[in-house]
Amino acid sequence: MAMTVDGLLSSSARRRPAQQALIAGGISLSYGELDAMVSRFARVLLAMGISTGERIGVVLPNSLEMVVAFYAASRAGAVFVPMNPAFTDRELQHILSDSEVKLAICRPSHRDRLEALKAQTGVTQVLPIADAAQLQELCAAHGAVPLVPPDDAITHSILYTSGTTGKPKGAVFSHFGRIYNSLTCQLGYRVHAETRMNCAPPMFHSGGMMLALLNVVGAGGTLLLPADAGPDSTRHALENLGANYLLTVPTIIRRLVDDAPFSAAARGRTFSILHGGAAMPPSLMEQMRQSWPQCLPFHAYGATEAPQLTVLPPEDYFDYPGALGRALPGMEVSVRRPDASLVAPGELGEITTSGPHVLDAYLNQPEATRERLRLGRFWTGDQATVDDTGVITIMGRSSDLIITGGLNVYAREVEDVLHACAGVRHAAVFALPDPEWGELVVAAIQAAPDAPATAAALEQSCREKLASYKRPKRFFFVEDLPLTPAGKVQKFRLVEKFS
């Protein structure tokens, strides 16, 4: 029998069928009920002609429908390809074409857009699902008899991440790699059957997918999907839904700390909080400790291509401000020189990792695969040091990655859009620190002298071609960009100038 991701769900259903698995949109499902619905929806997919290895594109927000589609794709032997509902048609078209998606699942609001993209992509069917009620109607005609995934199901998912080329790359993951990473995360982040995790980050993103959708279900805990990430919804989860674990990002933590009703509700409670995406500013760490003295904080670190790698647990959290922590149990993570030799304590190197949790390859991009998977390791592009106890501290990013509100933005992708605009001679996209978002996406523009671009024109072009979180929040018009002798932009000088 194949070892597939949906086996995590069926295993939890066998162990604790009556255990509450999910609360979303006012609906509660036990593990037995969720497992049965997944089998039914997998049969819906098979009835639509989906066969082993075919790609299913899912453009859904956090919801019961997202959870069911995730596990049903696995159970049907299909490959799960998640997409951000905020993507523009241009972004959707690239992913749909590159991954050769056959069936796209979405909200009715996206139906016409995806139907229109059929001619430019390999999509043959679009399945709109408005809500849980419509999902249940679709499933009603199919039996809940356990469905065994095909033995030749190997690839689980393809997650897209931009790179230094600026073009989104599809990271291909195996079922075994996902299962392995889930088990290491359950140990390192202390997720178990009594965990009731409130998941604010999107599950189409690597962090939300691994830390909530896989970990909680694999451990047999309860997954809580709030209506939004705001303080009121989070307080409702604590007070009324029994949440004892919050998955979030520093941007949201700041909003929670600043919200008096939430802090009043959280002050006397013991709960865990797990954040990734960016390191917490020391001032915010201290504010969190003062506001929620019984909170147990964890810092998680990973990359889309190697989802979760390290943990800074509660007992170390306040002693190592800004650190990523140590490798998760069973995980090989190390800081190395370019020749793959280990750095000495305090020496700057690149974070690398090896093992089944790493992507199999970049889809259709052998050169990018060779660049990042070399010398038997995955090279993250993140520069860091390690101390003599194994604690890793990130120092910078060679991959030109910006993390804003917990979401990844690669400068090159935004620069390509700006360079295509009339009146732009050169553009450099970089990050400025921001107390709310962690980092803001901004751009320095060297305009063409004869017909210079305007901020309004650049904003309009970005609005048409980029999701909202990727768009520059400020444009700085400069006569010249600071360059190295080799002609590369010195972005640190732009940060110094405009901070």
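Which side chains meet in a salt bridge with Arg75 and Asp35 as its two members, and at what N to O distance? The side chains of Arg75 and Asp35 themselves do, at 2.8 Å, N to O. A salt bridge here is a side-chain nitrogen of Lys or Arg within 4 Å of a carboxyl oxygen of Asp or Glu.

Colleagues, a word on the basis of these values. This is a predicted model, in which local features need pLDDT of at least 70 and side-chain atom pairs count only at pLDDT 80 or more, while totals for chains, interfaces and linings use all residues. Residues are numbered from 1 along each chain as its sequence is written, and side-chain values use heavy atoms, with hydrogens and water left out.

Let me continue with Arg75. Helices (H or I, at least four residues) and strands (E, at least two) are DSSP runs, numbered from the N terminus. Arg75 also meets Asp6 in a salt bridge, again between side chains, at 2.8 Å, N to O. That pair links distant parts of the chain, with Asp6 in helix H1 (residues 6-15) and Arg75 in helix H3 (residues 64-75), 69 residues apart. Asp6 is buried at a relative accessible area of 3%, Arg75 is buried at 3%, and Asp35 is buried at 16%. Buried means under 20% relative accessible area, exposed over 50%, and partly exposed in between, with a 1.4 Å probe and protein chains only.

The structure holds 18 salt bridges. Another of them joins the side chains of Glu91 and Lys470 at 2.9 Å, N to O. Glu91 sits in helix H4 (residues 89-99) and Lys470 in the loop between helix H16 (455-465) and strand E26 (474-477), 379 residues apart. Both residues are buried.

I turn now to the strands. Strand E11 (residues 245-248) points Tyr245 and Leu247 one way and Leu246 and Thr248 the other, and all are buried. Three bridges join E11 to strand E9 (residues 196-199), in parallel, and four join E11 to strand E12 (residues 271-275), also in parallel; two strands pair if DSSP finds at least two bridges between them. Leu246 has Asn198 as a bridge partner and Ile273 as its partner in E12.

Finally, helix H8 (residues 206-219) has 14 residues, and 14 of its 14 residues are buried. Just after H8, Gly220 takes a positive phi of about 80 degrees.

Technical notes. The expected span of a helix is 1.5 Å times one less than its number of residues.
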